[in-house]
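Hello,

I am handing this structure over to you. Please look through it first; my notes on what was found follow below.

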Amino acid sequence: MEYLVRFVQLHESFRKAELEALADLYQADVEFLNYSQYSPHCTIRLPDEDAARMLIRRSILSKGIYELWGCGSNYDGLHQDIQRRTSTIWHTFKFSSFKFEIHAYQAKRSLAEQNNIIQSLRYLEFEGAIKLHDPEQTFCIFEDCEWGVKEPKRIYFGRLIATSSRAILDTYTLKKRKYLSTTSMDSELALVTANLTQAAPGRLFYDPFVGTGSFPIACAHFGAICMGSDIDGRAVRGKQGLNILTNFQQYGLVDKCLDNFITDLTHAPLRNGRFLDGIICDPPYGVREGLKVLGSRDGSGKEVVSIDGKAAHLQDNFIPPKKPYSFERMLDDILDFAARSLVDGGRLSLWMPTANDEEVELGIPVHPHLEILSVCVQAFNKWSRRLLTYRRLRDDEVKDVQVPKVKRIGETGGTANNLNSFRKRYFEGFKEPPPNKSG
């Protein structure tokens with residue numbers, strides 16, 4: 001059957017990827033019949049209503065899904081299509097309570113115009129009570145208009161099947177969250193990322209750059225068991241009695257919090273083996289300060305182990321020694337860790353920045369054991385960040401191809417700018433490089 005999905009007109013490059021991830025999670029066969037980033041309306045084909053409800057019920061970037069009763073480039077064409085598609089099922093809803101809604105994208109309709117449109121559908125011969133609140137059936141007309149043009153270029157008519165989970169955004173908004181920082185991920189994008197990574201009950205998720213726990217909270221909402229780590233002990237320990245666990249307590253998700261601990265990805269004290277269902281992270285971009293990992297800058301291994309006769313790492317004011325770290329090397333390490341730790345079909349969702357005027361500056365990292373599923377872009381002014389989602393391949397799916405490793409700048413030397421090309425471009429204001437002078 002054909003259905004109409006009504007999207008929000010935000011984060012356009014994420015919307016289709018989110019639905020595809022949810023369809024894969026619930027093993028629902030979905031076919032996109034008509035989709036454009038420039039329209040909030042999308043038509044798809046699904047097996048039945050149950051699949052439609054299942055697909056949309058946890059979507060964040062859609063508003064609802066509708067059984068498509070008709071579409072056309074004008075109202076005459078719409079009415080003909082409605083009769084062609086659905087005349088045999090009108091009697092099913094003859095005595096149901098109902099209401100009509102009209103939604104015009106990039107246009108407005110007066111009450112008189114809306115009434116005339118509704119009256120043009122009187123051939124449906126519905127005899128049930130009209131109920132504006134909680135009717136048995138809701139029928140909607142959607143007009144897709146060009147900006148400044150009143151007449152629609154496309155019109156859809158559908159019966160509401162189910163609404164999405166978008167209402168939960170008010171619950172998880174950062175404005176109400178008890179423990180957060182300036183780098184806490186926006187709750188909407190955290191929930192979308194959790195959907196793309198397919199967080200679900202019975203699955204174990206890990207965030208190696210946990211910060212204040214935005215991603216684990218989002219994954220826990222969808223039922224996953226979560227743990228996280230961060231090199232910044234202050235973020236994990238918290239302040240003034242508030243920490244990551246406070247947020248889990250705020251949302252009644254404590255039973256989904258496995259633990260949080262202090263480490264960097266290259267020293268994570270996790271057992272070897274493929275036991276994670278999902279890895280979800282927004283690694284630091286190294287803009288405010290250069291990226292670092294645990295260890296001494298000169299590699300001597302002469303770190304302080306005791307202070308005044310007490311173990312240094314157990315003291316409250318202990319700050320572990322750190323050394324510079326290449327951003328590109330960090331991306332490689334994340335993919336390597338994912339390949340070693342994810343179960344077959346497990347997913348990695350990774351945020352990374354790029355300059356808008358130089359798309360090849362930070363290429364999409366690849367790994368022979370990971371398949372790239374989607375690349376979603378959130379654009380800012382002179383730079384963007386991309387959400388990359390990967391799937392861990394089965395060993396028998398891995399092609400016998402060696403991905404060449406780029407030799408990275410050494411971890412034990414170099415400046416923050418030399419180790420992070422994006423950081424350097426950021427502080428240069430993303431200026432165009434000077435032209436090469438020849439001759």
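**Notes on the structure**

Strand S2 (residues 31-34) and strand S3 (residues 41-45) run antiparallel and are joined by three bridges. Please keep in mind that the model is predicted.

Next, the second largest pocket. The space in the second largest pocket is about 290 Å³. Its lining is made up of 13 residues, and those closest to the centre are Phe 98, Lys 99, Phe 100, Ile 118 and Ile 130. Two or more lining residues come from each of strand S5 (98-105) and helix H4 (111-119). S5 gives the largest share, with four residues. Sorted by class, the lining of this pocket holds eight nonpolar residues, four charged ones and one polar one.

Is Thr 212 buried or exposed? Its relative accessible area is 7%, and the cut-off for buried is under 20%, so Thr 212 counts as buried. Through its side chain, Thr 212 makes a polar contact with the side chain of Ser 184, at 2.7 Å. Apart from neighbours within four places in sequence, the residues in contact with Thr 212 are Tyr 179, Leu 180, Ser 181, Ser 184, Ile 244 and Asn 247.

Regards

Key: Residues are numbered from 1 along each chain as its sequence is written. This is a predicted model: local features need pLDDT of at least 70, side-chain atom pairs count only at pLDDT 80 or more; totals for chains, interfaces and linings use all residues. Side-chain values use heavy atoms; hydrogens and water are left out. On a 1 Å grid over the protein atoms alone, a cavity is a set of points where a 1.4 Å probe fits but cannot get out, and a pocket is an open set with protein on both sides within 12 Å along at least five of seven lines; lining residues have an atom within 4 Å of a point. Grid points are joined across faces, edges and corners, and a volume is the space filled by probe spheres set on the points. Ala, Val, Leu, Ile, Met, Phe, Trp, Tyr, Cys and Pro count as nonpolar, Asp, Glu, Lys and Arg as charged, and the others, Gly among them, as polar. Buried means under 20% relative accessible area, exposed over 50%, partly exposed in between (1.4 Å probe, protein chains only). A polar contact is a pair of N or O atoms within 3.5 Å; within protein, one must be able to donate a hydrogen and the other to accept it, and residues adjacent in sequence count only if both atoms are side-chain atoms. Contact means heavy atoms within 4.5 Å. Two strands pair if DSSP finds at least two bridges between them.
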